Amino acid sequence: MQPRNMSMSGVVDLAAVKAAQEAKAKAEQARAEAARQGGGAPGAVSPASLVIDVDEAGFEHEVLQRSTEVPVVIDFWAEWCEPCKQLSPLLERLAQEYNGRFLLAKIDVDANQMLMQQFGVQGIPAVFAVVAGQALPLFQGAAPEAQIRQTLDQLIQVGEERFGLTGLVVDPDAQGEQAPVAAEVPAGPYDALLEAAVRALDAGDLAGAVQAYKNVLSDDPGNTEAKLGLAQAELLQRVQGLDPQQVRKDAADRPADVAAQIAAADLDLVGGHVEDAFGRLVDAVRRTAGDDRDAARVRLLELFEVVGSDDPRVTAARTALARVLF
């Protein structure tokens, strides 16, 4: 099964909007159910089930679907790999120690060549993560334990803050492997409109998606999913039909042309070059004044919405913007 909705280098992935909605809803439902039962642990898993072996046939269920409940760390390994013999036991120990904050999926590359190719693994050991259906590389090689812990902490923080993933409930007395119970989530007042927007995106109807998100925001201006979805849909709408080669040539030939820099920044972001997009617009703000400066600043703020305010690249760019403005 081919991994879907992969975002290997920060590329904008509109399917993440739907995944985030589902992940947050599941997390909220699980918390509500636990509170209703007096702090019980419905759908608790055993400690042994925090480390699983995954193959191509089970990838969608064991990794993609589970990643809407908990961050899934993937360890690509092989029996003949000596560094793997050091890293894999460490990851397994940390999975137990973190007690459900992430799930460790072990993939034998000799038996799963297709998955290795689809993730672009160049050498092993290689460690990736999947969060709410979004894949990202973590590190390659037998990294020091302190560095691994820091990486895991950051992964867990992103999963919780951006997607509402609070991890699995672990019952030390549970035996064998148990799949968490997926509680039925009641539909919210805007679920139908948000679903319509996602369907429009899937069909390539960007105008329809933009309108659907605006319909939600007209009644609920603070709706996070709609704000993120609208920013992303409008970005794709802006770059639709552009000639990337010509846009980049115009930006290179006319560094003082704010419109050319804005168009290039849009393409940078869609291509996953987040820092380049932000840096281009911060520089445009620094070098211009009046309406041109305001146009660059406003577009930069719009791109912040696309990436998400919790992203460290947004935090860094906000600081850089403040320096050139003040």
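1. Let's start with P125, which sits in the loop between α4 (113–118) and β4 (126–131). The peptide bond leading from I124 into P125 is cis, with omega near 0°. Please keep in mind that this is a predicted model, in which local features need pLDDT of at least 70, side-chain atom pairs count only at pLDDT 80 or more, and totals for chains, interfaces and linings use all residues. Residues are numbered from 1 along each chain as its sequence is written, and side-chain values use heavy atoms, with hydrogens and water left out.

2. N99 is not a glycine, yet its phi is positive, at about 55°. Its relative accessible area of 43% makes N99 partly exposed; buried means under 20%, exposed over 50% and partly exposed in between, using a 1.4 Å probe and protein chains only.

3. For the overall picture, the chain has 13 helices and five strands. Of its 326 residues, 47% are buried. Taking contacts between residues at least 6 apart in sequence, 73% join residues at least 24 apart, where contact means heavy atoms within 4.5 Å.

4. Strand β3 (residues 103–108) holds A105. Is A105 buried or exposed? With a relative accessible area of 0%, A105 is buried. Setting aside neighbours within four places in sequence, A105 is in contact with I52, V54, V63, V72, V73, I74 and D75. The C-alpha atoms of A105 and F76 lie 8.7 Å apart, for a sequence separation of 29 residues.

5. Now to the helix pairs. Two packed helices are described by the angle between their axes and the distance between the axes. The axes of α3 (residues 82–97) and α5 (residues 145–163) come within 12 Å and cross at roughly 45°. Here axes are lines fitted to C-alpha atoms, for helices over the stretch in contact, and angles run from 0 to 180 degrees between N-to-C directions. The two helices α3 and α5 are therefore oblique to each other; under 35 degrees would count as roughly parallel, over 145 as roughly antiparallel, 65 to 115 as roughly perpendicular, and the rest as oblique.

6. Which residues of α3 and α5 meet? From α3 come L87, L90, L91, R93, L94 and E97, and from α5 come E145, I148, R149 and L152. By class, this contact of α3 with α5 has six nonpolar, no polar and four charged residues. Ala, Val, Leu, Ile, Met, Phe, Trp, Tyr, Cys and Pro count as nonpolar, Asp, Glu, Lys and Arg as charged, and the others, Gly among them, as polar. The crossing of α3 and α5 is right-handed, meaning that the near helix is turned clockwise from the far one by less than a right angle, with anticlockwise being left-handed.

7. The second pair is α11 (residues 274–287) and α12 (residues 290–307), whose axes come within 8 Å and cross at roughly 155°. That makes α11 roughly antiparallel to α12. The crossing of α11 with α12 is left-handed. On the α11 side V274, A277, F278, L281, V282, A284 and V285 take part, and they meet R293, A296, R297, R299, L300, L303, F304 and V307 in α12. By class, the contact of α11 with α12 has twelve nonpolar, no polar and three charged residues.

8. Helix α10 (residues 258–270) deserves a point for D268. D268 is buried, with a relative accessible area of 4%. What does the side chain of D268 pair with in a polar contact? The partner is the side chain of R280, at 3.1 Å; a polar contact is a pair of N or O atoms within 3.5 Å, where within protein one must be able to donate a hydrogen and the other to accept it, and residues adjacent in sequence count only if both atoms are side-chain atoms. Not counting residues up to four places away in sequence, D268 touches R248, H273, D276, A277 and R280.

9. D266 also lies in helix α10. D266 is buried, with a relative accessible area of 3%. Beyond residues up to four places away in sequence, D266 touches L235, R238, V239, R299 and L303.

Methods: Helices (H or I, at least four residues) and strands (E, at least two) are DSSP runs, numbered from the N terminus.
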